[in-house]
Each structure stands twice: as C-alpha cells, then as structure tokens.
Amino acid sequence: MASRERLRPVDLAREHGLSTQAIRNYEQAGILPGAGRTPHGYRTYTVRHAQALRAFLALVPAHGHQTATSIMQAVNRDAVEDALKIIDESHAQLLDDRRTLLAVENALRDLAPSAPPGPGVTFIGPLARKLGIRPATLRKWEQAGLVRPRRDRQTGYRVYTAADVRDAQLAHQLRRGGYLLEQIAPLIEQVRAAGGLAPLEAALRDWHGRLSTRGRAMLSGAAELDAYLRHTAT
C-alpha cells in the first residue's frame, strides 16, 4: 500500500471494529494526525493514520486510555521526547506496582490472623499519614467494613489497634492493586476470622497475572509506536 494512498474513515474503522465517529473523535483529540480533505470536504486518511491508530490501540491496554492519548498527542506534535518521558513514567508505575505486590506478599508471611486484637496504638491522623492517604479515606474504609476501630469513651476519637493497622495496610495495598472495596472486604474478613489466606492468595495470583499482561502489552505497544515513528520519519 503506497504511503500516499487515500483511505476513508470507514477503512480505518473496519480494521478494528470501530465506528467512523470514533475515528473522527480520535483525530479531533490529537490521537491521529490531522486528516486531509477532498474538494467536497470529506476527510481522507493515509497509511500514516492507519499506523497511528494501530499504535494508539496497542498502547491503551499497556498504559490506559488517558496515558495512551497523551503519548500520541505528544508524538503528533513532534514532541517525541515528551512521549518517551510519559512512557518511562508508566513503566516506573508498573515497577512500583510490582514492588507493592511483593510488599503485600511479604506482609502476608507475617500475618497472624488468629491473634487477638492488640491495645490501641494509633489514631486516624497518624495512620493516614503512615499510609499516605487522607483521613476521609480511612473513614470510607470503615464504612465498608475494611477497618473497625473502636472509639475512645472519653474523647470519642477512633483508636486503631495493631490488628486494625494490619487491616488498613492490606486494604491500602489491595486498593493499589486495583481491587474494589467490595472485593477487599471479604478478603480481610477471612483474615480476621482465621479462615485461611487462600482467598487473598488467589487475589494476589490474579494481580500477578494482570501485571504480567500489562507488561506484555507494553512490549506490543512499544513495537507499534516504533513502527509509527519510523513511518513518520520517512
């Protein structure tokens, strides 16, 4: 196919099962370079646009829609270094997620779910700072049953025992892994009830799989983006 061959929006759309409106939206968003126009005002695309679309669709499962959009926007405005920086940051996040998963697994090795709750050891502010979240997040987790602090009789303040801190740490790590509150609650309840760590271990195996899938998608996305960059340079 010659690089100057004219393609219609429907030609790009059919290859990926998209609508022609989606193609126009991608162009308007800067994901695709600007289209040419016929004397009658109809959009015309080229092989360059087709490669840009392949690159974007390959980048989405690797980096997410918003980040993939930012990458393509940078490339299409000839800011390749900006695009590479965005990709580097996404790779760094994946590495951080892998480290987080490892931290959860290491924490599980030291869990003693049958141990009785310890004495009050901290309050909502210090615990929130330790986890790097807002106190409002801890209150939301409490409403969802992820943590169950007791109230000090005199002050009414929430008091978090060692077991509560453990539950909050597990909730924080699993939220980082993409799990919803309603998915985390039964896992923590299993830990509390000493019913075994099998549900949590299954969740961690799933997390491993999703990180591996994302890593493979990054390889595919990089290959398609490199093809687009090479095509653009010719």
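# A walk through the helices

Start with H6 and H8: H6 passes H8 in a right-handed crossing. Handedness here means that a crossing is left-handed if the near helix is turned anticlockwise from the far one by less than a right angle, and right-handed if clockwise. The two helices pack at an angle of about 35°, with their axes 11 Å apart. Select Leu 127, Lys 130 and Leu 131 of H6, plus Val 165, Ala 168, Gln 169 and His 172 of H8, to see who makes the contact. Axes are lines fitted to C-alpha atoms, for helices over the stretch in contact, with angles running from 0 to 180 degrees between N-to-C directions. Contact means heavy atoms within 4.5 Å.

## Before you click further

This is a predicted model, where local features need pLDDT of at least 70 and side-chain atom pairs count only at pLDDT 80 or more, while totals for chains, interfaces and linings use all residues. Numbering runs from 1 along each chain as its sequence is written, and side-chain values use heavy atoms, with hydrogens and water left out.

Color by pLDDT (the predictor's confidence in each residue, from 0 to 100). The protein chain averages 87, and 89% of the residues score at least 70. Now select 112–118: pLDDT stays under 50 there, and the model has nine contacts beyond four places in sequence for this stretch. Where pLDDT is low, the predicted coordinates should not be read in detail.

Zoom out for the whole chain. Of the contacts with a separation of 6 or more, 64% join residues 24 or more positions apart. Of the 234 residues, 41% count as buried, where buried means under 20% relative accessible area, exposed over 50%, and partly exposed in between (1.4 Å probe, protein chains only).

## The largest core

Which residues touch the most other members of the largest nonpolar core? Select Leu 138 and Trp 141, in a core of 31 residues. The elements giving two or more residues to this core are H5, H6 (124–131), H7 (135–143), H8 (162–176), H9 (181–192) and H10 (198–233). H10 gives the most, with six residues. Apart from this core lies another one, of 26 residues, among them Ile 23, Ile 87, Leu 225 and Tyr 228. A nonpolar core is a set of buried Ala, Val, Leu, Ile, Met, Phe, Trp, Tyr and Cys residues joined through side-chain atoms within 4.5 Å.

Stay on Trp 141 and show its surroundings. Leaving out residues up to four places away in sequence, Trp 141 touches Leu 131, Ile 133, Leu 146, Val 147, Ala 168, Ala 171, His 172, Arg 175 and Leu 181.

## H8 against H9

Next, select H8 and H9, which pack at an angle of about 145° with axes 10 Å apart. Their crossing is right-handed. On the H8 side, show Arg 166, Asp 167, Ala 171, Leu 174 and Arg 175; they meet Leu 181, Ile 184, Leu 187, Ile 188, Val 191 and Arg 192 in H9.

## H3 against H4

Move to H3 (residues 47–63) and H4, whose axes come within 7 Å and cross at roughly 145°. This crossing is right-handed. Residues meeting here include Ala 52, Ala 55 and Phe 56 in H3, and Ala 68, Ile 71 and Met 72 in H4.

Is Ala 55 buried or exposed? It counts as buried, because its relative accessibility is 0%. Not counting residues up to four places away, Ala 55 touches Met 72, Glu 224, Leu 225 and Tyr 228.

Leu 12 is in helix H1 (residues 9–16) and is buried, with a relative accessible area of 3%. Beyond four places in sequence, Leu 12 is in contact with Leu 7, Ile 23, Leu 32, Tyr 45, His 49, Ala 50 and Leu 53. The C-alpha atoms of Leu 12 and Leu 53 are separated by 7.9 Å, though the residues are 41 apart along the chain.

Thr 38 is in the loop between strands E1 (36–37) and E2 (43–44). At 17% relative accessibility, Thr 38 counts as buried, and it touches Arg 6 and Thr 44, setting aside residues up to four places away.

Finish on Asp 78, in the loop between H4 (65–76) and H5 (80–109). Asp 78 is exposed at 67% relative accessible area, and has a positive phi of about 65° although it is not a glycine.

Key:
Helices (H or I, at least four residues) and strands (E, at least two) are DSSP runs, numbered from the N terminus.
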